[in-house]
Amino acid sequence: MLKIDQSLSKYEQAKKHLAGGVASSLRASQKPTPLYAESAKGARIRDVDGNEYIDYLLAYGPLILGHAHDGLTDAILSAMRKGYTYGLQHDGEIELANVLIDILPCADKVALSGSGTEAVMLALRLARAHTGKRKVVRFHGHYHGWSDSIFTSFPGAGLAQSDNDGQTAAVPPGTQGQSENSLADIILLPWNDFAALENVLRVRAHEIAAVISEPVMCNSGCIQPKSGYLEHLRTLTKELGIVFILDEVITGFRLSLGGAHGRFGIKPDLVTIGKAMGGGIAISAVGGSAELMKHIDTAAVSHLGTLNGNSVATSAALATIRELKCDNGVVYDRMENLFIQLSEGIRELMHKHSIAGVVNQVGPVFHMMFIDVKEVTDFDTFNRRDSGKYVKFAELMLEEGVLLRPNGLWYISAVHEQADIEATLLAVDRALCKLIS
Ligand SMILES: Cc1ncc(COP(=O)(O)O)c(C=O)c1O
């Protein structure tokens, strides 16, 4: 049995004065209880009850170098000794902007912010300012942060269907307290559906400012774009005068140094990056063509934030990128190979235990789900997975010394090793055995 007495007691204490007991609502979903961290190093994390886990949660994605990486920690500490944030300009901003322009194929200029949510807000604002139009097309099952203007719930596939005039149903808010009007400019479409895209974009191009898409549907099943789909999106938006935003908050610095758009050879007008960019320190960015970014240069578009580009965050991003670039980015092949091995091993173990499931792996990220189909290539099928069973599995994996995100998304870091993968497969074997007994 997993020891959780200390975590349970701290959660009770936290609930007295910390709203919801956790700092981000999603974290409350962890079973058997939200765990309290004591310390973490490399690929391992310890909780306050003394349990140690191999970590594939990785703080929901940012920890591409693992926990408390020596080089990154040194860079952060030396930046801090010179002052954390100035409210003045400093060399770190210039250096980071130069490095990002080098790395991101679509970017002539960048703007720095603190979170993925903020980067998406800025990208949408730039698109509207540039086109003078209001509507934004987004896709069923994608996530773009929690701001009122883009956060939706996904009650059913029918909602994302368009009629012959390119009209879609009103999009429901993702949470209470969100104004119904905040989503009035959102058009929700099924992803990977060429016909739906054509239908809506061609008919309503005069009112659509932007299409925003995750390049891989990482937030719902790690589903890959169909062959030619992102290229089609690129061509169609260009033809129709619509801004194409790729939301690479997860895939940026994860699928390759140049993100998914570097890996797939697609050039969006704007890209949003965050998470892995700072290796665990809060920083995000929007990158884009000079033509779009000029709206910040001319002050037509306001881009604000007290802590934007602070020296701790820029130093963390520069150190993270330096590490990832070492030896021509060899670490990306290493992470991918380990994750191919792990995802194939998990598929074999599900087969061995006669448990129906799918693992969708793309580079150093995969989604594992329990579902009785051969493949999951669309959001509706993904929604039919047994999510309760997976939550139970994630709980059993804690007993086996492995920390997972309860929704099925696994991340790997540059410091996970072959021995971690082997230990994890043994843990999966035991946990699946318990799951069916
Ligand atoms: C694709 C994508 N965009 C935006 C966000 C929002 O980022 P943040 O949580 O840093 O605000 C996320 C967060 O998971 C994301 O996955």
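The protein chain of this predicted model is divided into domain 1 (5-69 + 328-436) and domain 2 (86-309), with bounds that come from an automatic or database domain assignment. Residues are numbered from 1 along each chain as its sequence is written, and side-chain values use heavy atoms, with hydrogens and water left out. Local features need pLDDT of at least 70 and side-chain atom pairs count only at pLDDT 80 or more, whereas totals for chains, interfaces and linings use all residues.

The C-alpha centres of domain 1 and domain 2 lie 27 Å apart, and the contact between them, meaning heavy atoms within 4.5 Å, takes 25 residues from domain 1 and 24 residues from domain 2. The area buried between the two domains (the accessible area, with a 1.4 Å probe, that two parts lose on being put together, summed over both) is about 2,000 Å², and carbon and sulfur atoms give 61% of that area. On the side of domain 1, Tyr332, Val362 and Phe379 lose the most area to domain 2, together 31% of what that side buries.

Across this interface the rule finds 1 salt bridge, a term for a side-chain nitrogen of Lys or Arg within 4 Å of a carboxyl oxygen of Asp or Glu.
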